[in-house]
Amino acid sequence: VLFDLDGVVTQTARLHAAAWAELFDGLLRRRAGERGEPVQPFDPQADYRAHVDGKPRHEGVRAFLGSRGIEVPEGDPGDRPGVMTVHGLGARKDALFQRRLRREGVAVFASTVALVRSLRARGVKTAVVSSSRNGREVLRAAGIEDLFDARVDGLDAEALGLRGKPHPDPFLRAAGLLGVPPGRAVVVEDAVAGVEAGRRGGFGLVVGVDRADHRDALAAHGADVVVADLGELDIAGLDARLQARRDTLTAWRVEQEGLDPAREHDMESLFAIANGYLGVRGAPDTPLAGSQGDLFVAGVYDRKHPDRPYSELEFMDVGREDPYAELVSAPFPFRLRLTVDGLPLDLAGTRWRDHRRVLDLRHGILHGEALYEIEGDRRVTVRSRRCASLDDLHLLLQEITVCLDNFSGTLEADFSLDDPELAAHHPHLVPRPADTADPGGEVHRFTTGGSGIEVCLAARTTLAGSGRDAVRWRVPAAIGEACTFRRYVAVYTSRDAADPHQAALAGLRALPWDQFETALAAHAARWAAIWERADIRVAGSPATEQALRFNAYHLVSAADRDPRVSVGARALTGRAYEGHVFWDVEVFKFPFYLHTAPEVARDLLRYRHHTLDGARRRARELGCRGACYAWESTVTGDDVTPRTIRLKTTGTEIPIFTGTQQVHVTAGVAHAVWRYWEATADHVFLRDVGAEILAETARFWASRCARGPRGYHIRGVVGPDEYHHSVDDNAYTNWMARWNLERAVEAVAWLRRGSPAAWSALAERIGLAPDEPRAWAEVARELHCPGPNGRGIIEQFAGFFDLEAYPLPREERFRAPISRLFDWERINRLQLIKQADVLMLLHLFPDLFPRAVVAANYGYYEPRTDHGSSLSPGIHAAVAARLGLRAEAERYWRESLWLDLSNTMGNSALGVHAACMGATWQALVFGFLGVRFTDAGPVPDPAAAGRLPAKWRAVALALTWRGRPCPVAVAREAAP
Amino acid sequence: MSPFLAILVPLDGSATAARSLGLATWLSGRLGARLHILSATPVERPAREELARLRVPAEHWPLVTLHQAPAYPERAILAAVARHDARLVVMTARGEAAEAPPAEPPGAPRLVGHVARAVIEGSPVPVLLLPPAYREALPWQRILVPVSGEAEADEALALAVGLANALDLEVHVAHVAGPDAGDEGLAARARYADALHHEYPHQLQEFVRRALPHHGAEQCRCISKVELCHGDVGAELLRLIEDSRVSLLAVGWHGRFLSGRARVLTYLLERIGCPVLLVTGAPRPPFRLKVGEEIQ
């Protein structure tokens, strides 16, 4: 525990204040006399707190005189006391203080001394930290020279070149002397600059001691707890608070310090906030010129724009005329322009000193903080928080607090959402006239050019205590005063309301300002309820907990309850994959939703039901019956996969086979329907929604399978491994299709038996003949599903074993050379695969083959896989974990777990990899823990404890099964 | 706003070095930048006389500050950069040595003289280097910037965009994924690259935009082409320079002439007729993402 000296241990603040007053008042009197102005003396309360408290004396001289507009030369540390330089005046203050110290002596705070003694008796190391060069002398005068294990004072700071508070250097030095990392240390301070130093240093807990009635200021500058006296704290309480704080500091948040403009787009993706209905990338409140602070609204798609920014200057899709081809980006809804005394405060210039973003995963709130230094050594702190409400999906909340730390000035804040480069940034949007009757509010209306969807953003902003709303503010800001602005933004589209403009205005009108905290609390409460079911505790590895929570945060944020939309490949965090919906949803993300939020899982399946017509159209386009889900779909279910792309430089056209051949997605949807029914026993869903999906997809497979001399075959497909096209009898596809056909037969029989009316209605609606399910059963029975050969290996597709061998160089694993994608025909002839294919089958159906077969296939395919997809490592981790290949499982899982947080792919700037997050979750639950479901609920593999990654002591989570969250715990020891 | 407030051009008295004056004068005039001419001359002359001798057009004289000395060795040039707060040095790859080549130290390249080499390796500001086969072609039309994902290349692109906006030029950006692409560049950034149409278009754009965080869309409009090539890096860049009639090649580099990617630079300097803007990277600002081991 690190204690500040003056004001915490000893009662020297009064002596210091008196010495400062004596120093400055003489100077101020002389200056006033020379200018014929009235004297404004040093205020031992306000000026002391604002400018000199806790700081080295020369910094105090600079700060106070700067606040009065007085400039004196720096001088040098050898200047004699009283010389009119920063150092000379500092020396004079020191002499005045020492004189008072000798004359008046120094008292201690008995409660502090008692706490220190008690801590040391328990073996807790302590240090005293002071900016004062007289630190040792004060300790001696107080008779507590030996009370602490270590001490750092102004003389040490000078000798070591440590910066003074609010820089954390002295505390970091003290922690270093004690051999304790900052995260495990407590700072106890009474000065605002001191608590700020503690917070900036990343200390585990910062305790503010309020000796001067400035509790709010201490809290605002970083004190985690504020007490009037240390007698209020005992060791147990301190320890509990430290542990709780450490928990919050680490595993429940993701923090970024500093600012690397080149990584801003990466950070925007990681720090995106979303609620399933909308998502906003995590750009700073005052964005850089190149920031991409997109707002995405689920379901708002438009025709692909030919010349948008970030467009494919090199690549051109051919034949993409769908009006719902790509997710639309709307303007950044948290935009702010700030100036103080006419000087802009933003992250583009040279005025910012510290910057941090903190994503509070527990509450779903993004915090921002920036410290600026403007001309004249003036400091401004700007703090912000924002969220996309989970309680009201149309609502965004933002709070900005500006504090002029050591001066008074004029603050201007412009909250206008006008994007100066709207056409370039958001070319899908055509601005429309909006109601501007309310001068305190702001409304922006747009229509998408191709799809004709109206998007409306309405905003109101207030300054706390002003009693009014305005878009632009110009206010006087007093020294140390917190100016807090709050903004509501309502977002509606014509997909949600007949008149989104009025709906947005009505939404805003319904929100009085005194409900701001209530709205935030309601949002946080929703998150709390989600974490009850979705959190995973990993004893022994806070970093793993953090990454798992980060992944869960993004998966939860991605999914809306609107059955007209699903989750895009990069969720609502980026433009890559254009917001398209792939097989990822049902095969990779779905299990997470199914076992943490089954109602969300149901709505994702309802999206597939809602888009059945699109799937039917695709089946017809492919010459088949029933429903074949699009490889890439948006809101209609029509396939939006390009058929070819043309390289502009060479004119070369490269065919895209996935749109017409990657039909296994259809069985993936059916698989999810069945799993949902199994996990929830939601018979109403199966009756009204699921059965139709199963029947129509089975019908597709029955027509897609071709009869050969020895049974049925599925020819001309692309499996999960997209390096090979036009292949026959892909094992994954065929097994999935058979399963789809069999489950459809079961479902229809169940429906006929239990709900004859529903069966009749379905049969009539889709023209299902009574004997058609028999035909499905026959196709399923006679469909060629490749099995293990003599070595136990399942051939990925017919002829794979005959392809040219390709010894995959180590450096190409996880890092396919770019030529791989251009040389698609050559790759098609090699035994080189992009991602888990046969292994995907073995992952989804762990009991289909015995362990020896799984091991043989892992051993065969793993070395042939270059992992050209983020979906691959998680599945390899799952299979390896089940096989007990602990090192490999761990390696793949780490790759998958930290894929976005460590930007492993180098493309997180384009959005987070939501499906990879789902695969990571599956690898943990079904791989490492080996969870199976029985009627009683989830049961982990008895061998799971032995598979836990190194350093993990235990894992605990809940899996929802048949309507209730079931605890699952696996511990390496008896009890963690 | 001009990216270069002051330009410095060192002349060693040779006709070869004097070839840089035309370009430097043109740039200074177009950018409104002060032009510091370091003229090595055995006899100091009145400024007007010396400028006339150097054939600096009289209308440019108001923007010119002339400095004369018997010689300007590399240290004097670098000191002048600091003294005059020059933001750009314009010079030929070789000076008088090109006219009467002395014995070269072993291993040194013949196409860059020792003074030029010392300046480009030691200069804190970008150097506009005229290759031996330089052909003056003014006004400039377009700049080619090879990008690699490295900080130096990002810096070169940012500077090129600033220059293009000031001079109304086009910028072509190219990434060449060479067969021996290392840990940097699109090839490295494209791990798990997925299908061609999913990732690469956006990724290529991101490759460009990450270099320009402080540039808005309007400023980036000068980027008219972004190309992804694969093959030998030097040969591909040479092809692009010739095919697109590039006026200026802007490259980021590490500041060591004989190491690593400088091989590509050497290859190009031997063959191209356009000047090369050499840009070293600025240090990245402090940045820390507290995840993984950072929080353990």
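## Close-up views of a predicted two-chain model

**View 1. A:Asp156 is a buried residue of chain A.** A:Asp156 has a relative accessible area of 18% and is therefore buried (buried means under 20% relative accessible area, exposed over 50%, and partly exposed in between, with a 1.4 Å probe and protein chains only). Everything shown here comes from a predicted model, in which local features need pLDDT of at least 70 and side-chain atom pairs count only at pLDDT 80 or more, while totals for chains, interfaces and linings use all residues. A:Asp156 sits in helix H7 (residues 154-160) of chain A; helices (H or I, at least four residues) and strands (E, at least two) are DSSP runs numbered from the N terminus. Leaving aside neighbours within four places in sequence, A:Asp156 is in contact with A:Arg136 and A:Arg151 (contact means heavy atoms within 4.5 Å). A:Ser130 is 26 residues away along the chain, and its C-alpha atom is separated from that of A:Asp156 by 9.6 Å.

View 2. Look for A:Thr544 in helix H16 (residues 542-558) of chain A. A:Thr544 is buried, with a relative accessible area of 3%.

**View 3. Six strands of chain A form an open parallel sheet.** From one strand to the next, the twist averages 20 degrees (axes are lines fitted to C-alpha atoms, for helices over the stretch in contact, and angles run from 0 to 180 degrees between N-to-C directions). Within this sheet, strand E4 (residues 186-189) and strand E5 (residues 205-209) of chain A run parallel and are joined by four bridges. A:Val188 stands opposite A:Val207 in E5 of chain A.

**View 4. Strand E10 of chain B is covered on both faces.** In a regular strand the side chains alternate between the two faces of the sheet. Here, in strand E10 (residues 276-279) of chain B, B:Val276 and B:Leu278 lie on one side, B:Leu277 and B:Val279 on the other, and all are buried. Strand E5 (residues 127-130) of chain B pairs with E10 of chain B in the antiparallel sense over three bridges, and B:Leu129 has B:Val276 as its bridge partner. Strand E9 (residues 248-252) of chain B runs parallel to E10 of chain B and is joined to it by four bridges. In that pairing, B:Leu249 stands opposite B:Val276.

View 5. The mean pLDDT of chain A is 92, and 97% of its residues reach 70 or more (pLDDT is the predictor's confidence in each residue, from 0 to 100). Over residues 308-314 of chain A, the pLDDT is below 50. Beyond near neighbours in sequence, this stretch has 34 contacts in the model.

Note on methods: Residues numbered from 1 in each chain as written. Chains lettered and ligands numbered in written order. Heavy atoms only, no water. Pairing = 2+ DSSP bridges.
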